[in-house]
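Please keep the sequence and the structure in view while reading.

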Amino acid sequence: MLTMFVSGLLLALLLPTGHVEAGPVARQALRCTTSSFTNVVVLPGVTVTIEKVTSISEGGSYQESANLGFPQKIDKLPALCAVTVRVTNTSDAPSKPQSSYRFGLFLPTASKYNSRILTVGSAAFAGGINWPSMSEGTHYGFAAISTDNGHNSAGSDMSWATPASLWDWGYRALHGSVVAGRVLIEHYYGKPILRSYYAGCSTGGRQGLREIQYDANTFDGALIGAPAWDTVHLMPWISKMAVYQLQSSSGRLSTNQMSILAAEVVKQCDPQDGIVDNVVSQPSTCKFDISTITCNDPSRCLTAAQAQTAMRIYADYKHPSSGRLISNGFTLTSEDQWYVYYGDDATLTDFDFAFPRYFLYNLSSTNFAWQNYTDSVALDSERINPGAATANKFDVSPQVQETKTLGKIIMYHGLADGVLSPKTSQLYYNSTIQAMGSSLADTQKWFRYFEIPGMQHCMFSNRQNAPWDIAAPGQPSWLRMLPSLGVGLPAVGDGWSVPGHLNDSDYDILAALIKWVEEDKPVERVIGTAFNSDFSVYRTRPICVWPKKAVYSGSGNVNNASTWRCQ
């Protein structure tokens with residue numbers, strides 16, 4: 001399927017201080033010049049330098065080619081002022097090293113600006129301002145903010161890690177960017193910000209949750225996709241699964257065998273959800289028998305040793321001595337993305353062990369090999385918690401009690417995700433309910449979770465070509481940036497929302513979040529869209545608030561959302 005192919009190319013590119021309120025706002029003329037932003041932010045221990053200010057005309061484009069994390073050009077922009085800011089902050093001293101990071105602003109014209117801000121997250125371990133995701137929000141009228149996380153690197157690179165940069169990547173850069181960004185934005189427009197929103201997926205999802213746990217009043221609404229919230233356990237799990245494949249060549253899975261396994265999963269599991277439509281709606285309830293593709297011919301099946309490896313990847317990783325959960329395994333239908341971590345020698349031996357090498361033990365690339373991995377690495381990871389990045393403070397009620405308010409959260413996860421298991425989002429959601437001593441009904445008043453059958457990591461689908469496009473973070477901009485993949489695909493859409501349904505809260509999950517926050521209309525469902533090879537609509541389907549599922553009515557076109565209901 002086209003979406004499976006695009007997803008693979010995209011992932012190849014990406015991988016392998018307290019709360020300060022601005023003072024009274026003076027009326028400021030909108031002039032997109034360096035002087036408009038100079039000497040505006042005055043905070044203890046903070047130095048702010050304006051690096052670059054650029055005026056972009058309607059329909060223009062923007063690119064920061066030296067940005068290793070997000071070098072792509074984004075087009076079809078509204079008229080904007082683009083601002084790059086550098087911040088150094090010594091207010092954490094002496095307990096933590098000096099903070100140093102950059103952030104970017106996309107500022108619409110006064111007539112377009114909706115008096116709201118949208119902060120967007122990053123991806124993987126990338127360093128760089130996420131201008132593409134920022135661009136999506138400007139079409140709604142948001143002033144947009146993104147940080148470079150305190151370094152400049154591709155998403156698969158972890159060699160940049162230092163004590164200071166880890167703290168910035170963990171939480172300081174995003175928090176500080178929002179604080180300073182608010183001041184600059186209010187000064188530029190000469191009026192207060194009415195609402196603050198957040199959108200991010202993967203590492204971006206983790207960053208949003210981490211900030212909410214740091215200050216629950218930062219965002220009025222947050223859109224959190226497939227969050228890598230449990231960094232200290234996720235990365236040792238990746239290493240452990242790599243060890244299983246490297247310690248015995250007979251147990252190693254080739255990408256061809258991952259594909260064989262993926263096809264068999266769909267063949268067995270699709271009928272079990274009640275309708276044969278090439279979409280596995282409920283992988284967690286599928287009774288899968290791997291023996292049907294187990295034989296001694298690795299060209300057409302899995303050997304017994306390889307089948308054991310696959311079952312280990314599905315299984316939860318538990319500490320052998322205590323039995324305590326370290327991290328959840330992958331779900332059925334995720335197999336098409338296993339290559340991201342286990343597809344070649346370089347990834348298996350380098351990226352899969354970069355976290356302990358650089359983040360835990362501060363070693364060179366040659367001083368931590370896969371043979372050095374033991375289960376004690378997971379314990380060291382818990383103890384060190386590099387950059388305090390893990391977002392596991394599930395109870396935010398102490399902060400809420402101060403203001404009697406709590407922003408709205410929509411969290412979503414693709415059930416075919418082979419980069420971050422959807423079981424980790426299920427764990428986060430249930431842990432929040434438990435930690436806050438709440439019920440599901442009460443939790444859903446402010447926090448709702450959605451599962452997307454057939455969607456891979458953050459966007460696109462696999463061989464199922466399941467409905468996935470809901471205008472979630474990164475989806476609209478990557479549809480516009482398809483030509484950058486170099487395989488002849490056209491740019492699709494308008495750079496924001498869902499093609500054919502711009503700003504329609506029935507199809508656009510960010511628009512639905514805004515309605516929930518500002519009109520008190522809780523999100524019960526959003527309609528996902530899948531595309532044909534020419535990017536015409538292939539099928540639509542409702543994506544339901546958990547624990548409800550989409551159920552076919554029994555008649556009508558199975559590829560039309562109108563024939564499905566949430567129950």
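The model is predicted, so local features need pLDDT of at least 70 and side-chain atom pairs count only at pLDDT 80 or more, while totals for chains, interfaces and linings use all residues. Residues are numbered from 1 along each chain as its sequence is written, and side-chain values use heavy atoms, with hydrogens and water left out.

**Overall form**

The protein contains 16 helices and 17 strands; these are DSSP runs numbered from the N terminus, helices being H or I with at least four residues and strands E with at least two. Its radius of gyration is 23 Å, close to the 24 Å that the globule rule gives for 567 residues, so the protein is as compact as a globular protein of that length. That radius is taken over C-alpha atoms, and the rule is 2.2 Å times the number of residues to the power 0.38. The C-alpha trace spans about 75 × 60 × 50 Å along the principal axes. Of the 567 residues, 61% are buried (under 20% relative accessible area, with a 1.4 Å probe and protein chains only).

**Helix α5 and its partners**

The table gives the packing of α5 (residues 231-246). Axes are lines fitted to C-alpha atoms over the stretch in contact, and angles run from 0 to 180 degrees between N-to-C directions.

| Pair | Angle | Axes |
|---|---|---|
| α5 and α11 (residues 376-384) | about 160 degrees | 9 Å apart |
| α5 and α7 (residues 304-314) | roughly 175 degrees | within 10 Å |

The helix α5 is therefore roughly antiparallel to α7. Contact (heavy atoms within 4.5 Å) joins W237, M241, Y244 and Q245 of α5 to T309, R312 and I313 of α7. These residues divide into four nonpolar, two polar and one charged; Ala, Val, Leu, Ile, Met, Phe, Trp, Tyr, Cys and Pro count as nonpolar, Asp, Glu, Lys and Arg as charged, and the others, Gly among them, as polar.

Helices α5 and α11 are likewise roughly antiparallel to each other. On the α5 side V232, H233 and P236 make the contact, and on the α11 side A378, S381 and E382.

**A buried glycine**

G495 lies in the loop between α15 (475-480) and α16 (509-519). This residue is buried, with a relative accessible area of 2%. Leaving aside residues up to four places away in sequence, G495 touches E136, H139, P476, S477 and R480.

Notes. Angles under 35 degrees count as roughly parallel, over 145 as roughly antiparallel, 65 to 115 as roughly perpendicular and the rest as oblique. Buried means under 20% relative accessible area, exposed over 50%, partly exposed in between (1.4 Å probe, protein chains only).
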